[in-house]
Amino acid sequence: MKTIEGGLCAVDNVKAAGACEDNYGVAIIHYPNSNVAAVFTSNKVQAAPIIITKKAVENGKLSAIVANSGNANCFTGQKGVENAEFMASQVAENLNIPQEDVAVASTGIIGRQLPLGEIRKLIDDSLRRLNNSSNASRSAAEAIMTTDTYPKQYAVETTLKNGQKICIGGITKGSGMIAPNTATMLSFITTDIEASPEELEKSLKKAVDKTFNMVVIDGDESTNDIVLIMSRPGQGKIDENFQEALEYLCGQLAKMMAQDGEGATKFMEVKVEGAETIEDARLAAKSIVTSPLVKTALFGADPNWGRIIAAVGYSGANMDPDSISVNLEDKERSANIVDHGKVMAYEGTEELELAESIMEREEIIITVDLALGKYEATSYGCDLSYDYVRINSEYST
């Protein structure tokens, strides 16, 4: 497996484009007659585009995606559904494809009707620009940004067990209102593997559980989340090489979201090892990255082992306070602040001095060993800064 250029358009038969004006953007992805699978937010309040797209992917077929930023088209009633259908119909008519083969996605402010005049113009602009290039993929990634500070795209190439080389490319957006059960994000993935919709769905859910669902920026779960994958049509099987590559791609996109968290100054990767079950490992890891007290300690460069231990304790995971160990790491150094239940980084120790130095870094790894089993999980998050409050207090004004 290797990283390649191209994002979504690393797959030859995919065209993409994006257009932005003022506070709005529209991205279009065209992959004719592809197989498809998707996962959606579990929030009981679901946006109009989620309703449309769930129907569109029911038969496992799709040809295009249209996504807008600046307006979530959520909590907008029947009018919102009609507006989402209009977006799909405009793309379908131009590309000469059935309307039911167009997925719709939206991100932005909740509770306001779509400004159809602006969205219609941006759809037309994007349709005119559709092409297969890395720049086209990047423009689509830019068009779906809200509070993101940079566009997020990635692509990999791998060789299947049968010797066939395949590509996987993706874009994502998300920097706030991000919590497990898919984050507040839109993520679109393309691949030239020939796989059945059923195989794609199993593969995608497994990858999302290990990556996107392990990202926490602020603990709020959105109404508009979607992760969607499109592949070449066929009934092929997915092997472990493809699965590894898909999980790696999703992991890279997930890390980008955590690094670009609203107001974030630091990125944290939390590894939980030695859990009795995979569920325990994930519970503990997500609890740590979700904790406001851990996040603020990260912002203040405070190696507060007590907050980490407490987050594991209330996570629901099985743990023994006398067995747990905690390490803080950067790319060169490691500080063992708790060793099998014993505090090592207390006042006046070299270990505390080292831990404080590590916490000053922009990227910090927190490793927790529960010493109870063989399972492990990794979660991604960021600090909670003054700017997070500022950004979200002004978001709808």
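Hi everyone, and thanks for coming. Two housekeeping points before we start. The model is predicted, so local features need pLDDT of at least 70 and side-chain atom pairs count only at pLDDT 80 or more, while totals for chains, interfaces and linings use all residues. Residues are numbered from 1 along each chain as its sequence is written, and side-chain values use heavy atoms, with hydrogens and water left out.

Let's begin with helix α1, residues 48-56. When I say helix or strand, I mean DSSP runs numbered from the N terminus: H or I with at least four residues for helices, E with at least two for strands. Which residues of α1 are buried? They are A48, P49, I50, I52, T53 and A56. Buried here means under 20% relative accessible area, exposed means over 50%, and partly exposed is in between, with a 1.4 Å probe and protein chains only. Those buried residues pack against β3 (24-40), β4, α2, β5 and β10 (226-232).

Leaving aside neighbours within four places in sequence, I51 is in contact with Q46 and V81; contact means heavy atoms within 4.5 Å. The C-alpha atoms of I51 and A103 are separated by 9.9 Å, and these two residues are 52 residues apart along the chain.

Next, please look at F75. You'll find F75 in the loop between β4 (61-71) and α2 (77-95), and F75 is exposed at 69% relative accessibility. Together with V45 and I110, F75 makes a nonpolar surface patch of about 300 Å². For patches, residues need over 30% relative accessible area and no salt bridge; like charges are joined within 9 Å, and nonpolar side chains (Val, Leu, Ile, Met, Phe, Trp, Tyr) within 5 Å. The areas come from the Shrake-Rupley method with a 1.4 Å probe, and for residues only the protein chains shown count as cover.

The backbone deserves a glance too. Most residues other than glycine have a negative phi. F75, however, has a positive phi, near 60 degrees. N96 also has a positive phi, of about 60 degrees, although N96 is not a glycine. N96 lies in the loop between α2 and β5 (102-109) and counts as exposed at 70% relative accessibility.

Now some residues under cover. Q243 is in helix α6, residues 240-259, and is buried at 9% relative accessibility. Beyond four places in sequence, Q243 is in contact with S203, K206, A207 and I238. C167, in strand β7 (residues 165-173), is buried at 11%. Not counting residues up to four places away in sequence, C167 touches I4, A10, V11, V156, E157, T190, T191 and D192.

On to the rings. The structure holds two aromatic pairs. Rings of Phe, Tyr and Trp (its six-membered ring) pair if their centres lie within 6.5 Å; planes under 30 degrees apart are stacked, over 60 edge-to-face, and the rest tilted. F267 and Y380 form a stacked pair, 6.4 Å centre to centre with 15 degrees between the planes. This pair links distant parts of the chain, with F267 in strand β11 (residues 267-275) and Y380 in strand β16 (residues 375-382), 113 residues apart. F267 is buried at 6%, and Y380 is buried at 9%.

Finally, salt bridges: how many does a search of the whole structure find? The search finds 15, where a salt bridge is a side-chain nitrogen of Lys or Arg within 4 Å of a carboxyl oxygen of Asp or Glu. One of them joins E157 and K2, with the closest N and O atoms 3.7 Å apart. That bridge spans 155 residues, from E157 in strand β6 (residues 152-159) to K2 in strand β1 (residues 2-3). E157 is buried at 19%, whereas K2 is partly exposed at 48%.

Another joins R138 and E142, at 3.2 Å. These two are separated by about one helical turn because they are four residues apart in helix α4 (residues 134-143). R138 is partly exposed at 39%, and E142 is partly exposed at 33%.

That's my tour, so over to you for questions.
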